[in-house]
Amino acid sequence: MVKRPDPLESTPPAFAEAAARHILREGFGIESSSLEPLAGERDQNFRVDTAGGQRFLLKISNPADDGPILAMQTAALRHIERVDPDLPAMRALPTAAGESWLEVPGPESRIYPARLFTFLPGKVTANTALTTEAIRSHGQTTARLGRALRGFFHPAADYEILWNITQFPRIRPLLTHVCDGQRRAQAERIMDRFEDRVAPALPGLRAQVIHGDMSLDNVLFGDDLLVSGIVDFGDMTHAPLVCDLAVEIADVLHGRDDAIEAADAIIGGYVSVTPLEDEEAGLLADLVAARLATEVTITAWRRRLYPDNTAYAASGEPGARAFLDAIETTGIDAVGRRFRDACRRLPYRRSATGALLERRRRALPRSPLFYSQPVHLVRGEGVWLFDPDDRRYLDCYNNVAVVGHSHPRVAAAVTQQQQLLATHSRYLHEAIVELAERLKATLPPELDAVMVVNSGSEANDLAWRIARAATGRAGAVVTACAYHGLTEATHALSPEEWAKGERPAHVATIPAPDGYRGPYRRGDEGWVQRYAAHVDDAGRALGDRGFAALYLDPAFTADGILSPPPAYLREAARRARTLGGLVVADEVQAGHGRCGSHLWSFQASGITPDMVVMGKPMGNGFPVAALVVKSELLGAVPEDVELFSTFGGNPVACAAALAVLAVMEDEGLLGNAAKVGSYLRQGLLTLAERHPLIGDVRGEGLLLGVELIDEERRPSPGSARKVTEAMRERGILLSATGPAGNVLKIRPPLVFQPEHADLLLQALDEVLASS
Ligand code: PMP
């Protein structure tokens with residue numbers, strides 16, 4: 001590895017103007033009309049004008065500079081010119097002899113390399129003068145430069161400079177030069193954190209040759225305040241790509257009062273060209289802090305070494321200190337979250353929770369929120385949900401994220417399909433066919449026709465149309481507190497949501513098979529059959545309308561999470577069919593492996609429904625639902641009636657649904673639901689022995705209900721409300737269901753593990769003890 005000397009160990013060369021003209025004439029074949037000396041930290045620079053109106057930069061370098069490094073810089077500039085000819089980077093011009101540089105003899109018989117570059121327009125601009133647009137343009141330029149260098153290789157690229165952020169821990173010995181004890185302690189804190197959480201991740205980041213110093217000294221701006229030139233490549237090295245962005249944020253913004261906020265614009269510009277990977281985004285704030293602490297430390301050290309050098313009086317170090325203080329005041333984790341958000345390119349800005357709540361109440365007055373203090377979420381991962389302060393909540397409630405929140409395989413499938421093709425299903429496309437075939441393969445063969453729609457409501461609504469057409473009848477039977485959807489037709493099938501006194505004439509209800517509270521109790525002789533017999537009463541109640549369909553959620557989620565023995569479904573279906581009705585299994589809640597034994601919960605009973613509805617978890621958060629029917633029923637819908645929905649079965653939705661099925665299989669989530677579900681159920685039963693508030697524990701797999709009661713065994717919805725609020729305080733999300741709202745509803749993503757169950761059980765134990 002080549003070591004680059006500290007620039008101040010050698011001052012810039014000091015060739016006279018006449019000597020420079022001679023170099024230009026003899027070495028490069030250029031006749032200069034005027035020469036203008038320019039400042040340089042380690043090189044001697046001249047602006048060169050010719051009589052013909054051309055302008056160049058002559059750079060006479062320090063003899064300490066190594067040949068291979070100069071060769072690398074020249075090669076890199078040529079590479080950039082080839083890859084991105086419009087990028088305003090300086091270009092290296094060959095000598096008259098076609099060499100990359102000229103070796104000029106100078107004082108003390110040393111050899112000085114002289115190079116000629118194109119002269120770029122624009123000027124060095126103070127950061128306080130930069131507009132948001134200018135800062136964004138800087139970010140974009142840095143990203144373009146990184147892209148242009150992506151395929152560049154040079155053997156000299158692994159040279160070592162103190163400024164390379166990856167070397168940050170190596171400057172620990174220099175910390176003794178930072179006289180101010182508090183300042184030193186700050187740098188140490190940042191370094192300790194860096195060693196802990198950044199250094200181990202660095203070798204795994206994408207790396208390449210980077211510019212390494214996109215500070216305002218090296219970037220020129222035009223009058224329009226857009227980047228017009230990149231002029232110094234002296235710090236190029238092989239390093240993680242994200243270091244370029246970190247250096248840029250630190251060096252461009254230090255000294256601005258709004259440095260943290262202004263970083264959004266740099267990051268926004270950068271990621272508009274090159275999106276960051278999650279790991280890079282997560283390290284950005286630490287890398288910026290490391291760069292700032294490097295500046296503070298190296299400046300202190302150099303001040304000690306060269307007390308007379310005035311260059312350091314005017315350095316950016318005070319700005320670096322202020323930026324570091326701002327980061328620590330805000331909290332480096334909070335800054336990290338902000339930077340990570342900026343990397344995500346979301347098309348909205350993040351507001352404070354209170355302000356967001358107010359906006360929501362005004363803009364969406366009828367949109368319900370859980371909890372007296374709504375939970376404000378910004379991110380999800382596996383079984384965890386995170387609020388803006390990175391407080392995490394254990395999700396024991398959301399079945400939609402069936403394979404875990406933000407599952408990378410589903411996210412990638414959605415993103416990639418969206419980038420490739422997103423259209424409706426009137427064109428031939430592979431994904432919808434593949435999905436339909438895969439779904440069919442999981443179902444009894446009679447269920448052979450698939451329709452892909454966008455929501456459970458839509459699928460149930462369509463099922464209702466088909467049931468009416470196929471039977472020629474108009475009446476439906478549902479359980480007493482069922483939920484099947486939001487549309488006009490499915491709202492009618494959803495007593496849970498009926499207004500007081502509302503009871504559509506074409507719908508009859510049956511009591512849900514509640515073996516704990518209802519008229520027939522678990523263990524009573526024939527209790528299941530007695531519940532099922534109510535289907536006959538309902539059929540009679542429909543009168544002349546006739547029995548078109550029985551809709552059942554086999555897990556009776558809205559009815560309080562009941563899991564009757566399989567005989568119930570068999571008997572209820574048999575009776576419905578005897579009366580000429582069709583059977584619709586609404587698997588929106590209980591399907592996709594939730595109940596642990598089968599992919600579709602009706603399968604435990606061995607019946608074959610006439611139609612199966614699936615939704616909610618189907619796309620792990622991407623809207624997609626489906627109706628699978630016996631094709632003979634479809635014949636009743638006239639051929640000229642088109643069953644089509646614009647978004648239904650679009651390639652993106654199908655890609656999501658296919659990814660969910662694949663992940664469920666690869667990760668064995670059905671088995672996990674059974675295993676962890678029974679562990680959790682056992683734990684809940686143990687709690688029930690200790691806490692009289694628990695009247696009943698029921699459910700299967702990872703769909704469990706805990707019924708809360710008062711001393712007289714009456715439903716206690718007040719306790720359920722208190723418990724869910726108290727659990728939320730402890731970072732655990734639950735809800736309540738059932739006709740009285742007194743049944744705790746536990747329905748986590750199927751990636752739930754025993755350790756998560758333990759967290760839930762322990763918190764519930766404590767909350768119940770204090771209730
Ligand atoms: N059926 C059942 C059993 C449901 O639980 C729901 C939604 N909770 C629906 C249908 C309606 O689905 P969506 O909200 O997707 O319209």
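A polar contact is a pair of N or O atoms within 3.5 Å. In this predicted model, a polar side-chain atom of aspartate 586 lies 2.6 Å from a nitrogen atom of the ligand. Glutamine 589 also places a polar side-chain atom 2.8 Å from an oxygen atom of the ligand. With glycine 456 the atom concerned is a polar backbone atom, 2.9 Å from an oxygen atom of the ligand. The residues surrounding the ligand include Ser455, Ser457, Asn460, Tyr483, His484 and Lys616.

| Helix pair | Angle | Distance between axes |
|---|---|---|
| H3 (residues 132-148) and H6 (residues 259-273) | about 40° | 7 Å |
| H11 (residues 408-420) and H19 (residues 651-666) | about 155° | 8 Å |

The angle between H3 and H6 makes H3 oblique to H6. H3 passes H6 in a right-handed crossing. By class, seven nonpolar, seven polar and three charged residues make up this contact of H3 with H6. On the H3 side, the residues include Ile135, Gly139, Ala143 and Arg147, and they meet residues of H6 including Ala262, Ile266, Gly269 and Val273.

For the other pair, angles over 145 degrees count as roughly antiparallel, so H11 and H19 are roughly antiparallel to each other. The crossing of H11 and H19 is right-handed. Among the residues in contact are Val410, Ala413 and Gln417 of H11, and Ala655, Ala659 and Val663 of H19. The contact of H11 with H19 has 11 nonpolar, two polar and two charged residues.

How values were computed:
Residues numbered from 1 in each chain as written. Predicted model: local features only at pLDDT ≥ 70, side-chain atom pairs only at ≥ 80, totals over all residues. Heavy atoms only, no water. Axes fitted to C-alpha atoms, helices over the stretch in contact; angles between N-to-C directions. Helix = DSSP H or I, 4+ residues; strand = E, 2+ residues; numbered from the N terminus. Parallel < 35°, antiparallel > 145°, perpendicular 65-115°, else oblique. Left-handed = near helix turned anticlockwise from the far one by under 90°. Contact = heavy atoms within 4.5 Å. Nonpolar A, V, L, I, M, F, W, Y, C, P; charged D, E, K, R; others polar. Near = heavy atom within 4 Å. Polar contact = N/O pair within 3.5 Å; in protein donor to acceptor, adjacent residues only side chain to side chain.
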